[in-house]
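Student: I have a new structure open and would like to go through it with you. Could you take me through it piece by piece?
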Amino acid sequence: YSCSEDEVNADLKAALDKQFPDYEIVIQYLGTGAVYTKLLAEGNETDADIIFDLEGCYASALLKQNENIFADLSNYDFSAFKDEIVSYTSEHKKFVPECKTDVVVAYSKSVLENAGVPVPTTYEELLDEKYKGLISMSSPKSSGTGYTFYNTLVSDMGLENALDYFDKLSVNVKEITSSGSAPLKSVNRGEAGIAFVMLWQTIEYMNNNPDIGYTFLDKGTGYNVYTFEMIGGKEKNKAVKDVFDFMFNTWNLQHCQKFYPDAIYKNQGAAGIANYPTNVPERNMQGIYDYEYKQRLLDAWKL
């Protein structure tokens, strides 16, 4: 099962078919919530052998419900990853960091110019009434991107202050979407002036539309981490282990450079996306592997 975008799934399928021409490999897309619910219900008897692009906190939550849901990876070498990304390995080695997604504030130069407002430099500025009707964001309850922005401000200012901020911001928000990519599409079409979005998608759109710009507000950007894992017991199948090992040892680094250049490896190298920024300023994020923390935040969300 994969929770990733179509282009990523297509790239993975092509790489696996080339590497293993004698294996029949099926990649089935399911959303993160659907994978979580399915694995809770089916456990180790699920049809899937490998789970790909599962948000870190959901992977941790599944392990709390069933400590054997994922195969033990203690024999795998995690030393290539950045220490902060694999801090959880002091407790277990049952999933692998797949990618990290930084978020950013994108904007339409023409929309802001026509509205007579400057590019914002702080979150506080966005509360000014001059930005009313210009802002598009996604809901934390339906979008990983929306949740990452929410957690960015919670990590920085605490839950109550973050909730108060978004309550004030809502006066200026044009739309709260269910999809994390929808706000960027609105900026790309000139329908919104400012969008809370993923950095890598912004750069891809910007490379094709010079009207789009981006900015890191205040102390920098927040991020979230996604994972991949084998279902416990499936590692005994040689074909499954072959595929997983190829993903672990070879494909995932290439995948990160191509699609998600926000570094999770110590020596990740140059991004495959043109004009991707280096040395992205990142905040210290809370609870990226903690589902209970995330649930507390979502339960408190008011909008």
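Student: What do the buried residues of α8 pack against?
Tutor: This is a predicted model, and in it the buried residues of α8 pack against the helices α1 (6–19), α7 (182–188) and α9 (238–259), as well as the strands β2 (96–108), β5 (194–198) and β6 (212–215).

Student: And which residues of α8 are buried?
Tutor: Helix α8 covers residues 199–208, and Leu199, Trp200, Gln201, Thr202 and Ile203 are buried there.

Student: Moving to α3, how many of its residues are buried?
Tutor: Helix α3, which covers residues 56–65, is mostly covered, with 8 of its 10 residues buried. They are Gly56, Cys57, Tyr58, Ala59, Ser60, Ala61, Leu62 and Leu63.

Student: Now Ser181, where does it lie, and is it buried or exposed?
Tutor: Ser181 lies in the loop between β4 (173–177) and α7. Its relative accessibility is 17%, and because buried means under 20%, Ser181 counts as buried.

Student: What does its side chain make a polar contact with?
Tutor: The side chain of Ser181 makes a polar contact with the side chain of Ser179, at 3.2 Å.

Student: What about Met157, which helix is it in and what does it touch?
Tutor: Met157 lies in helix α5, which covers residues 144–157, and, if residues up to four places away in sequence are not counted, Met157 touches Ala162 and Tyr165. Met157 is partly exposed, because its relative accessible area of 29% falls between the 20% limit for buried and the 50% limit for exposed.

Student: Stepping back, how many helices and strands does the whole chain have?
Tutor: The secondary structure of the protein chain comes to 10 helices and 7 strands, and 54% of its 303 residues count as buried. Of the contacts with a separation of 6 or more, 75% are between residues 24 or more positions apart.

Student: Why does its radius of gyration agree with a compact globule?
Tutor: A compact globule with 303 residues would have a radius of gyration near 19 Å, and the protein chain has 20 Å, so the two agree. The C-alpha trace spans about 60 × 40 × 30 Å along its principal axes.

Student: Last one, how many positive and negative side chains are there?
Tutor: The protein chain has 27 positive and 44 negative side chains, and the centres of these two sets lie 1 Å apart.

Terms used
Residues are numbered from 1 along each chain as its sequence is written. This is a predicted model: local features need pLDDT of at least 70, side-chain atom pairs count only at pLDDT 80 or more; totals for chains, interfaces and linings use all residues. Side-chain values use heavy atoms; hydrogens and water are left out. Helices (H or I, at least four residues) and strands (E, at least two) are DSSP runs, numbered from the N terminus. The radius of gyration is taken over C-alpha atoms; the globule rule is 2.2 Å times the number of residues to the power 0.38. Buried means under 20% relative accessible area, exposed over 50%, partly exposed in between (1.4 Å probe, protein chains only). Contact means heavy atoms within 4.5 Å. Lys and Arg count as positive and Asp and Glu as negative; His and the chain ends are not counted. The place of a charge is taken as NZ of Lys, CZ of Arg, CG of Asp or CD of Glu. A polar contact is a pair of N or O atoms within 3.5 Å; within protein, one must be able to donate a hydrogen and the other to accept it, and residues adjacent in sequence count only if both atoms are side-chain atoms.
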